[in-house]
Amino acid sequence: MIRTILLGPPGAGKGTQAARIIEKYHIPHISTGDIFRENIKQGTELGKKAQEYMSRGELVPDDLVIEIACDRLLKDDCKEGFILDGFPRTVYQAEKLDEFLSENGQKLDCVINLEVGEDILMKRLTGRRVCKKCGASFHVVNMPPKVDGICDVCGAELIQRADDNEETARNRIDVYNAQTKPLVDYYKKAGVIADIDGAQGLEPTFAAIVAALEKEV
Ligand code: AP5
Ligand code: MG
């Protein structure tokens, strides 16, 4: 049983590492960013509201995010654990998550804090390419696809995320520093944080995450 949060700035590798973690532990990966992007694609009301904030690199309002995350956590597949990616992102969201977990007789095992410097983050964000169809993620330098512009997994076209241009990416990092970074202290006080050097390659980062999770399993 693993109940964990992947905490870290934009481009730290949360999504990349979550994909590896679910292969190993078979628990659901809950990314609030992915949920919003799916809603934008489908043209839902939620998607329209979220897009306003996401296109500027700002946070979607707390109440909207909390409702979506808690609804998802109530689904049956989360009974045996979960990985939260990109939620919580403010102290208020973290407090509401704590309330939700205690009401449901659950607790977090571990919060993985991926640490990466800002120069590397900017290179990762601006070089990221994602599959239009299946969402698989690549990087033009660090993780290039076999064929330029084409997804290795499903053969569809690779595109750049709308918020991965230089200006929006910079704002997302600033927003992280102002509103999300305080969560590192919040979870440090709760005694559940594991600091991981996310600037290493994919494999050593994954090995360090597994070592932190196994301590709790
Ligand atoms: P979200 O989708 O969560 O984006 P983010 O936090 O900005 O994080 P990213 O997805 O950009 O980065 P990542 O850490 O997943 O990196 P990745 O693994 O892809 O949120 C988007 C927006 O939605 C927010 O701005 C906000 O508006 C809204 N939102 C979402 N949740 C919210 C919430 N709770 N509250 C309010 N608003 C919310 O890696 C990046 C690149 O680096 C890839 O190309 C990858 O190949 C490469 N890479 C990864 N690891 C390595 C490595 N070790 N070495 C070399 N390259 C690597
Ligand atoms: Mg991500």
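Which residues are buried in H5? In this predicted model, the buried residues of H5 are Gln93, Ala94, Leu97, Phe100 and Leu101. They cover an arc of only 120° around the axis, which puts them on the same side of H5, whereas Ser102 and Glu103, on the other side of the helix, are exposed. Among the elements that cover the buried residues of H5 are strand S1 (2–7), helix H4 (62–73), strand S3 (81–85) and helix H8 (182–189).

The length of H5 can be checked as well: at 1.5 Å a residue, its 13 residues (residues 91–103) should span 18 Å, and because the end C-alpha atoms are 18 Å apart, the two values agree. After H5 comes glycine 105, which has a positive phi, near 65°.

Turning to the ligand, 35 residues surround ligand 1, and the closest of them are Thr16, Glu58, Arg89, Arg128 and Arg172. Helix H1 (14–25), helix H2 (32–42), helix H6 (118–127) and strand S6 (137–139) each contribute at least two residues to the shell around ligand 1, with the largest share, four residues, coming from H2.

| Residue | Protein atom | Atom of ligand 1 | Distance |
|---|---|---|---|
| Phenylalanine 138 | polar backbone atom | oxygen | 2.8 Å |
| Arginine 161 | polar side-chain atom | oxygen | 3.0 Å |
| Glutamine 200 | backbone N or O atom | nitrogen | 2.8 Å |

Of the 1,000 Å² of accessible area that ligand 1 has on its own, the protein covers 96%.

Key
Residues numbered from 1 in each chain as written. Chains lettered and ligands numbered in written order. Predicted model: local features only at pLDDT ≥ 70, side-chain atom pairs only at ≥ 80, totals over all residues. Heavy atoms only, no water. Expected span 1.5 Å × (residues − 1). Buried < 20%, exposed > 50% of the residue type's maximum accessible area, 1.4 Å probe, protein only. Arc of directions from axis to C-beta. Contact = heavy atoms within 4.5 Å. Near = heavy atom within 4 Å. Polar contact = N/O pair within 3.5 Å; in protein donor to acceptor, adjacent residues only side chain to side chain. Areas by Shrake-Rupley, 256 points an atom, 1.4 Å probe, with all protein chains shown as cover.
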